[in-house]
Amino acid sequence: KKSSNGLYGSTVLQLKNGLKVTLLPTEVQKDRISFSLNMLGGKSLFPDSHMASLDDNVLGLFLSNSGVGEFPNTMVGKMLAGKQLSVSPSIGNYTHSINGSSTRKDLETAFQLAYLYFMEPRFDEEEYDKGIQQIKTLLPNLYNNPQYYLQKNLYETAFEPGRMLMIDDAVLGAASLETLAADYRQMFKDVTGAELIVVGDFDIDAVKPLVLKYFGSLPKAAKTVPELNVHSNDIYADGIRTVDFTTPMQVPSVIVYQIYNVKTPYSLEKEMINSVLQSVLQMTYTETMREDEGGTYGAQSQAECGYIPVGMKELMIYFQTNEAQADRLRELASEGIRSIAENGPDAEKFAKAISNMLKTIPERRETISWWQNAIKFYNETGIDVDAEMESVINAITPADVKAVAAEYLNSGNFIEVVMRPE
């Protein structure tokens, strides 16, 4: 193995099996250690026909009911009694990982558990069936919940069919433990492209041997990391796509989602400008939709900017209101972003958004998750977010925010879902 100095005073190990390990001791949170073993792939490794078996509900309940290795779930619970740790696999559309946290004392047990989730996952028919039965019991309630149909229409409007599934009887019927088990084993078959990050209150010399013992013994990485398989039907579809539907409700209300998206290469500047736009819009909607119109308890604006599987930024606006004011508020939601695209952001709101963003950074630096995410982000993008974020935010101008609002409006990509009472 090789050792070198890494970001923020971390130690980087290159293990013989090909695994890259970053160890960062920090006392920002006393007696807390967090770790993640991250890999690219996730559900993207498998065809549309496997998505029912990898549905988040099916997977989530299976993992929460499942033991590991030869130990059933109940036994694992007893073995971990009195210990302060949590370890769990996670499977996303384009990534899969094993994540854990613990105290100093229980770190070796957490590493043991992570090793078992990788090498000896447990696929017990009884534990799997328990999860399926739990979902079946919940389905009648879901079918009576308007939010279920809102989510269903959102998926069907925003994505081409095949991969983004809503849980229902058909998904449960198509799901199988055999497929889930085969796909899980495929994801965690070796450490190709994998990176382990350990951050927290620990001593490097004490943790290194544990890392070698439990992660150095995982199956060797292949010489080349395969290209990420990008599926067009789990990324927002292009074009203007809208649906306006009715559904039975016990308490009548109207819920509206409006989503803008632009496919564009990622940069930290773009992400921060997007966040300023979101913050300014949030303040605008509080004034226009809640205080002036009194039509909603509050509209939510949410901005995202990502690079896996493709560079994309999005802006989502969500609000709940009454039937009489719904269409007026839809206009105000569109008007909020149009006004910024034409005239730029209100100076006071812009200054407040910048100030609020800068204010949160020192607080976030006092958490393990800030440093863990910063290392992961650097490994994936080459950007040192801790060193650059403040200067990037300080360099943002009102013209930048005006330009991104115009970019959304001119993109030709707009999704709107309106749910009204029947």
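Colleague: Is Y148 buried or exposed in this model?

Modeller: Keep in mind that the model is predicted. Buried means under 20% relative accessible area, so Y148, at 7%, counts as buried. Y143 comes out partly exposed, with a relative accessible area of 26%.

Colleague: And how do I read a pair of aromatic rings?

Modeller: You describe the pair by the distance of the centres and the angle of the planes. There are 19 aromatic pairs in this structure. Take F118 and F188: their centres are 5.6 Å apart, with 75° between the planes, which is edge-to-face.

Colleague: Which parts of the chain does the pair of F118 and F188 tie together?

Modeller: F118 sits in helix α3 (residues 107-119), while F188 is in the loop between α7 (177-187) and β7 (195-200), so the pair links parts 70 residues apart in sequence. F118 is buried, at 3% relative accessible area, and F188 is buried, also with 3%. The rings of Y143 and Y148 make an edge-to-face pair too, because their centres are 5.6 Å apart and their planes lie at 75°.

Colleague: Which residues form one aromatic cluster?

Modeller: F118 and F188 belong to it, together with F62, F123, Y128 and Y184.

Colleague: What about helix packing: how do α9 and α10 cross?

Modeller: Look at the axes. Those of α9 (residues 268-292) and α10 (residues 326-343) come within 10 Å and cross at roughly 135°. The two helices are therefore oblique to each other, and the crossing is right-handed. On the α9 side the contact includes L277, V280 and Y285, and on the α10 side L329, G336 and I340 are among the residues involved. By class, this contact has ten nonpolar, two polar and no charged residues.

Definitions and conventions. Residues are numbered from 1 along each chain as its sequence is written. This is a predicted model: local features need pLDDT of at least 70, side-chain atom pairs count only at pLDDT 80 or more; totals for chains, interfaces and linings use all residues. Side-chain values use heavy atoms; hydrogens and water are left out. Rings of Phe, Tyr and Trp (its six-membered ring) pair if their centres lie within 6.5 Å; planes under 30 degrees apart count as stacked, over 60 as edge-to-face and the rest as tilted. Helices (H or I, at least four residues) and strands (E, at least two) are DSSP runs, numbered from the N terminus. Buried means under 20% relative accessible area, exposed over 50%, partly exposed in between (1.4 Å probe, protein chains only). Axes are lines fitted to C-alpha atoms, for helices over the stretch in contact, and angles run from 0 to 180 degrees between N-to-C directions. Angles under 35 degrees count as roughly parallel, over 145 as roughly antiparallel, 65 to 115 as roughly perpendicular and the rest as oblique. A crossing is left-handed if the near helix is turned anticlockwise from the far one by less than a right angle, and right-handed if clockwise. Contact means heavy atoms within 4.5 Å. Ala, Val, Leu, Ile, Met, Phe, Trp, Tyr, Cys and Pro count as nonpolar, Asp, Glu, Lys and Arg as charged, and the others, Gly among them, as polar.
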